[in-house]
Amino acid sequence: MVLEDGAVPGESFEYGNSLYAKLQRLAGKFYIEQRGIERVPEDERHEVGIKGLLNVSTMWFSANMVVSTFAIGMLALRVFYLGFADAILAALFFNLLGIIPVCLFSSFGPRFGLRQMVLSRFWFGWYGVKLIALFNVLACIGWSSVNAIVGAQLLNAVNSDVPGAAGIIIIAICTMMITIFGYKIVHIYEFWSWIPTFIIFLIILGVFAHSGDFVKLPMGVGTSEMGDVLSFGAAVFGFATGWVSYAADYTVYQPSNQSRRKIFIWNYVGLIIPLCFCEFLGIAVMTATTLNDGNNSYMDGLNTAGTGGLLAAVLRPHIGRFGDFCLVVLALSIVANNCPNIYSFSLTIQVFGNWTRRVPRFIWTLVGTAASIAIAIPGYSHFFSVLDNFMAFIGYWLAIYEGISLTEHFYFRRGMKGYQPEFYNQPSKLPPGLAAIGAFCFGIAGMVCGISQPWYVGPIALHAGEAPYGGDVGFELGFAFAATTYLVFRTIELKYEEQIIAFACRIFGSK
């Protein structure tokens, strides 16, 4: 049996009488996207020319021109005690590094017409990719939860009568109402949503500079050593590279002859500008909380309402109630950041098997929304610790994922010509996945050696900075361990690939 993705075997939902078919027809009446993870045919790819390139660039520009990115910059001082100069340099370097795989894998979408988790079958195999999909599901939900907390803090700063739980639900529902309609509507929303957010950030920058506090900022380094720079870099890297596990999801409707170089460049521009701009601004404003003038309104605002309170302290003294309007716009900007998370959640969940494909995708969108709300509400009062820990988790597992996938792509497949995309749904034509899973386990071992968190410090991390926390080199070691061991394991696996695949197909009954 050849497994056909995105459909219930033996049934067409246009004519079937099952609950699945009826729900799909109902979705079609409301123009809700019905396509699952099956390959997008060439005749349905309509994002041609400059419009297609603008679509992919503005997608990431909007998703990162948000207050969540600003909050990443705040971590530099809040958690790692960095000064202005070392924080700016760390943010710049780790952003430049982290977005490279995102841009590379985005160029796979037009060439193959396959979503990122389906593409991952060519590296992890039919069965091994299910483990990667599990991590991606956790990442999608985690992203959505963390972002919703930031938006809720802003709404609470505008009106203290709006509790965190209410703000989280508002952000989640707004996100769901866009993502449920699918790829086209998500792109339309992201094409324009960066404009008001960018204007608000420019107002914040202008007001902050005009206040005179910017010139008072201590521009030197903080009390930290190399270890804290590495740990902050891990958080920045995790945020920047966090899109890699669904990078190709948003380019599959571009024609296969679209220039890969142009896709890479337009992606890079769409990512690096908002990431650096918002994080730099977050670093600057957070540094103002150290000004010792006897009445630090920035610190008071931060202590009162977190990120929202800090931004309110910048805006309200100078532009009054209009500042509250700006905060509401920033709170709603979270929707642009959460749309890729919830949309890709519904795609990723379909990789697990026929049982997940028997559920229409819009149902999974509802499930993902509910799960993000359930996680965000209890995490609301512990935002900065939640944000730091989650960014580290993202950086760790994606570095391992990148170590394996990049090694397979460049060394074993020798680039794009080494793929046969028509085999994406045929287990016997895909790698067994044993080498990838083995390398993934070794990547976790490397990560554990380099991890530096309040709950655990690895032996190598301990020597990368000052005691007791050292410096976090978890993602660097995770990447190195995974890539190195995959070279060895995959070489061995290739010698016995046919026997392994034949045995797996007999056990699982697939072809």
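Residues are numbered from 1 along each chain as its sequence is written, and side-chain values use heavy atoms, with hydrogens and water left out. Because the model is predicted, local features need pLDDT of at least 70 and side-chain atom pairs count only at pLDDT 80 or more, whereas totals for chains, interfaces and linings use all residues.

Side chains of opposite charge can pair when their charged atoms come close. A search of the whole structure identifies 9 salt bridges, a salt bridge being a side-chain nitrogen of Lys or Arg within 4 Å of a carboxyl oxygen of Asp or Glu. R35 takes part in a salt bridge with E44, with an N to O distance of 2.4 Å, and in another with E38, where the closest N and O atoms are 3.5 Å apart. Burial is assigned from relative accessible area: buried means under 20%, exposed over 50%, and partly exposed in between (1.4 Å probe, protein chains only). R35 is buried, at 15%, and E38 is likewise buried. E44, in contrast, is partly exposed, with a relative accessible area of 31%. A further salt bridge joins R413 to E408 at 3.1 Å, N to O. R413 counts as buried at 15% relative accessibility, and E408 is buried at 2%. These two residues belong to a network of salt bridges that links E408, R413, R490 and E493.

Helix α1 spans residues 19-29; helices (H or I, at least four residues) and strands (E, at least two) are DSSP runs, numbered from the N terminus. Within α1, Y20, A21, Q24 and A27 are buried. These residues lie on the same side of α1, because they cover an arc of only 120° around the axis, the arc being that of the directions from the helix axis to the C-beta atoms. The buried residues of α1 pack against α16 (354-357) and α17 (361-379), where contact means heavy atoms within 4.5 Å. The exposed residues L19 and K29 are carried on the face of α1 turned away from its buried side. Y31, which follows α1, has a positive phi, near 60°.

Helix α10 comprises residues 183-210 and includes W192. I185, I188, W192, I195 and I199 make a nonpolar surface patch of about 460 Å². Patches are made of residues with over 30% relative accessible area and no salt bridge; like charges are joined within 9 Å, and nonpolar side chains (Val, Leu, Ile, Met, Phe, Trp, Tyr) within 5 Å. Accessible areas come from the Shrake-Rupley method with a 1.4 Å probe, and for residues only the protein chains shown count as cover. W192 counts as exposed, at 54% relative accessibility. Y189 also has its place in α10 and is partly exposed, at 27%. Leaving aside neighbours within four places in sequence, Y189 is in contact with I178, L332, V335, A336 and C339. Y189 and W355 are 166 residues apart in sequence and 31 Å apart in space, C-alpha to C-alpha.

S245 is situated in the loop between α12 (226-241) and α13 (260-287) and counts as buried, at 1% relative accessibility. Residues up to four places away in sequence not being counted, S245 touches Q116, M117, N136, W397 and L398. With N136, the side chain of S245 makes a side-chain polar contact of 2.5 Å. A polar contact is a pair of N or O atoms within 3.5 Å; within protein, one must be able to donate a hydrogen and the other to accept it, and residues adjacent in sequence count only if both atoms are side-chain atoms.
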